[in-house]
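Dear colleague,

My notes on it follow.

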Amino acid sequence: MPILGIMASAMKGAVTIIADYLAIGGGGAAKSGGGGAGGYRSGSSYTLPATFTVTVGAGGTVVAGSGQNPTSGAASVFDTISAAGGGSGGVHGGQVAASGGSGGGGGGAYSGLTVGGSGNTPSTSPSQGNKGGDSIATYSQTSNGGGGGATAAAADTSVVDTGTAGGAGTSSSINGTATTRGGGGGGRGNVTSGAGGSGGGGAASTSGNGTSGTVNTGGGGGAAPTLNNAGQGGSGIVIIAYPDTYPALTTIGGTLTYTQPTRSGYRVYQFTGGTGTVTV
């Protein structure tokens, strides 16, 4: 074995690895208001402990049938970093929009204000997400807010029969390719429905199927007229990257699934599902 290889083997298990990370929670599902994007947390110069936990949050779901409401996404976890799931979209005349990493869009009522869910819940610094749009149109059952995104809150809707777009996500090149994630889902309107926010948010529909948030972006689901065809939340993701002068991770356990994208000069681990313990 080359001398450098022997040294790396000897150091493995004791070496201190300094990494960049990105963790995004699962997006919220939709019904009338769009689903909020999963919380977006990123950083650098993070010292990996000898062992740490990774969990990739699932997206929120919509179960067809009377009385079944959309659910919020689940949190993604990287060691001590937790990215909250996105809030579920509001249901007109029923369930209110939920708060989360980013908040779900307000589901309209027959009159008055219906508030979108708060973002950055629980609070982090810097913020992990933004607020869902309010529904403030007269006879606003037909006008619903989009879900909040990683970069921006969704706009409020004050126009009858019009839903607003989901809030925009943000771009990262941690895995070697610039990719936008964390977009909110669009809110439904009877005539004009909102587009999904850039970064995996699902588009709403006036009469057909709402688009689900994109897998592994934490995108919120797009809204639709019924629970049978509203959008699901997109699953989250956890990515760590560190210089390839450090050794590879020793073990990746549990139910974790992962890929290793190519980034020049770095080792990249992109966790796409499951939960488990990682050993340095």
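**Strand β3 and its surroundings**

Val-54 stands opposite Gly-276 in strand β12. That pairing belongs to an antiparallel arrangement in which five bridges join β3 to β12 (residues 275-279). Val-54 also stands opposite Phe-78 in β4; here β3 and β4 (residues 76-78) pair in the antiparallel sense over two bridges.

Please note that the model is predicted. The mean pLDDT of the protein is 91, with 91% of its residues at 70 or more. Over residues 1-13, however, the pLDDT is below 50, and this stretch has seven contacts in the model beyond near neighbours in sequence.

In a regular strand, side chains alternate between the two faces of the sheet. Strand β3 (residues 51-55) has a covered face formed by Phe-52 and Val-54, while Thr-51, Thr-53 and Thr-55 make up the uncovered one.

Which residues touch the most other members of the largest nonpolar core? Phe-52 and Val-54 are among them, together with Leu-48, Phe-78, Ile-240, Leu-249 and Phe-271, in a core of 22 residues. At least two residues of this core come from each of β1 (18-24), β3, β5 (81-83), β8 (237-243) and β11 (266-273). Another core, of nine residues, lies apart from it and includes Ala-150, Ile-237, Ala-241 and Val-268.

In short, Val-54 is on the covered face of β3, stands opposite residues in β12 and β4, and belongs to the largest nonpolar core.

Yours sincerely

Note on methods:
Residues are numbered from 1 along each chain as its sequence is written. This is a predicted model: local features need pLDDT of at least 70, side-chain atom pairs count only at pLDDT 80 or more; totals for chains, interfaces and linings use all residues. Side-chain values use heavy atoms; hydrogens and water are left out. pLDDT is the predictor's confidence in each residue, from 0 to 100. Contact means heavy atoms within 4.5 Å. Buried means under 20% relative accessible area, exposed over 50%, partly exposed in between (1.4 Å probe, protein chains only). Helices (H or I, at least four residues) and strands (E, at least two) are DSSP runs, numbered from the N terminus. Two strands pair if DSSP finds at least two bridges between them. A nonpolar core is a set of buried Ala, Val, Leu, Ile, Met, Phe, Trp, Tyr and Cys residues joined through side-chain atoms within 4.5 Å.
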